[in-house]
Amino acid sequence: KNANRLRRFLNQKKRGPVAFVLAGKKIDTGPSVVSKVTVGKKLLDTKMQAGDFMIVIGAVAYSFILARYLVDKNLSPKDLKESQIKELIGNSYYQKDILEDAMHLIRRSREKRINLIISEDHLTLPAPKGKLNLDGDISAVDGTFGPSNAERSGVDIGPRTIKKIEAAFEKAKAIIISGPAGVYENPRTRKGSFAVLKAAEKQAKKKKIVIAGGGETEDLASQ
């Protein structure tokens with residue numbers, strides 16, 4: 001039902017803003033599986049318009065943080081150095097093979113005057129040599145990770161990002177969520193994921209179109 005409402009809404013010549021949340025970690029493509037990033041590209045290229053919101057959170061956000069740096073510096077993925085990665089995202093999870101697509105999404109968002117929100121503050125856990133310690137100390141990082149957080153990994157969004165998402169949802173007439181905001185399986189690192197769902201639920205009660213899909217999202221909602 002909501003999918004049909006969304007389709008009709010997106011096809012209107014004059015409509016209110018839509019907020020698309022590109023999130024989660026499962027962004028690979030497999031046989032007969034369409035990547036979330038591919039869906040995001042198609043939606044941005046064909047359906048999204050000025051004033052809409054593209055919100056990138058969860059593990060996928062760290063690839064987009066790197067991609068934004070590359071776009072701003074007019075570099076290509078092959079130019080990215082390990083020291084730059086550490087400075088920007090520490091030991092957070094990212095995927096080299098989606099950087100080009102992420103760069104396309106960032107450029108197109110700017111061309112079309114889409115409001116692009118990428119995780120701005122993070123809750124982090126120790127990740128020495130890339131191995132995440134789920135029982136380690138939780139520390140907040142605002143902006144780039146820098147040398148002091150080079151061996152840490154982002155595992156959830158922080159309060160500033162949550163507030164931006166809540167504000168975007170208030171303005172949006174339709175909301176699409178494709179994944180969690182962090183490592184939701186760990187009770188210590190799922191506050192952001194629940195906050196996003198709660199914000200969407202608040203808008204659904206106002207009869208707005210809200211669609212939350214994908215295995216990770218369904219798993220989170222059941223907890």
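The model is predicted, so local features are described only at pLDDT of at least 70 and side-chain atom pairs only at pLDDT 80 or more, while totals for chains, interfaces and linings use all residues. Residues are numbered from 1 along each chain as its sequence is written, and side-chain values use heavy atoms, with hydrogens and water left out.

**Stop 1**

Helices (H or I, at least four residues) and strands (E, at least two) are DSSP runs, numbered from the N terminus. Two strands pair if DSSP finds at least two bridges between them.

Now select E2, residues 53-56. Which way do its side chains point? Phe53 and Ile55 point one way, Met54 and Val56 point the other way, and all are buried (under 20% relative accessible area; exposed is over 50%, partly exposed in between, with a 1.4 Å probe and protein chains only). In a regular strand the side chains alternate between the two faces of the sheet.

Ala19 has Phe53 as its bridge partner in E2, and Phe53 stands opposite Asn115 in E3. E1 (residues 18-22) and E2 run parallel, joined by four bridges. Four bridges also join E2 to E3 (residues 115-118), again in parallel. Next, move to Phe20, whose bridge partner in E7 is Ile176. E1 and E7 (residues 174-177) run parallel and are joined by four bridges.

**Stop 2**

Contact here means heavy atoms within 4.5 Å.

Two packed helices are described by the angle between their axes and the distance between the axes. The axes of H3 and H5 cross at roughly 65 degrees and come within 8 Å. This crossing is right-handed; a crossing is left-handed if the near helix is turned anticlockwise from the far one by less than a right angle, and right-handed if clockwise. Among the H3 residues that meet H5 are Phe64, Leu66 and Leu70, and the H5 residues that meet H3 include Leu99, Met103 and Ile106.

H2 (residues 36-46) packs against H5 (residues 99-111) at an angle of about 25 degrees, with the axes 10 Å apart. That makes H2 roughly parallel to H5 (under 35 degrees; over 145 is roughly antiparallel, 65 to 115 roughly perpendicular and the rest oblique). The crossing of H2 and H5 is left-handed. On the H2 side the contact residues are Val37, Gly40, Lys41, Leu44 and Asp45, and they meet Asp101, His104, Leu105, Arg108 and Ser109 in H5.

**Stop 2**

E4 (residues 121-126) and E5 run antiparallel, joined by four bridges. To see this pairing, select Asp121, which stands opposite Asp142 in E5.

Then select Ser153, found in E6. Ser153 is buried, with a relative accessible area of 7%. Residues that Ser153 touches include Asn91, Ser92, Tyr93, Leu123, Leu132 and Phe145, not counting residues up to four places away in sequence.

**Stop 3: the aromatic pair**

How many aromatic pairs does a search of the whole structure find? One. Select Tyr62 and Phe145: their ring centres are 6.3 Å apart and their planes stand at 85 degrees, so the pair is edge-to-face. Rings of Phe, Tyr and Trp (its six-membered ring) pair if their centres lie within 6.5 Å; planes under 30 degrees apart count as stacked, over 60 as edge-to-face and the rest as tilted. Tyr62 lies in H3 (residues 60-72) and Phe145 in the loop between E5 and E6, so the pair ties together parts that are 83 residues apart in sequence. Tyr62 is buried at 4% relative accessible area, and Phe145 is buried at 3%.

Methods: Axes fitted to C-alpha atoms, helices over the stretch in contact; angles between N-to-C directions.
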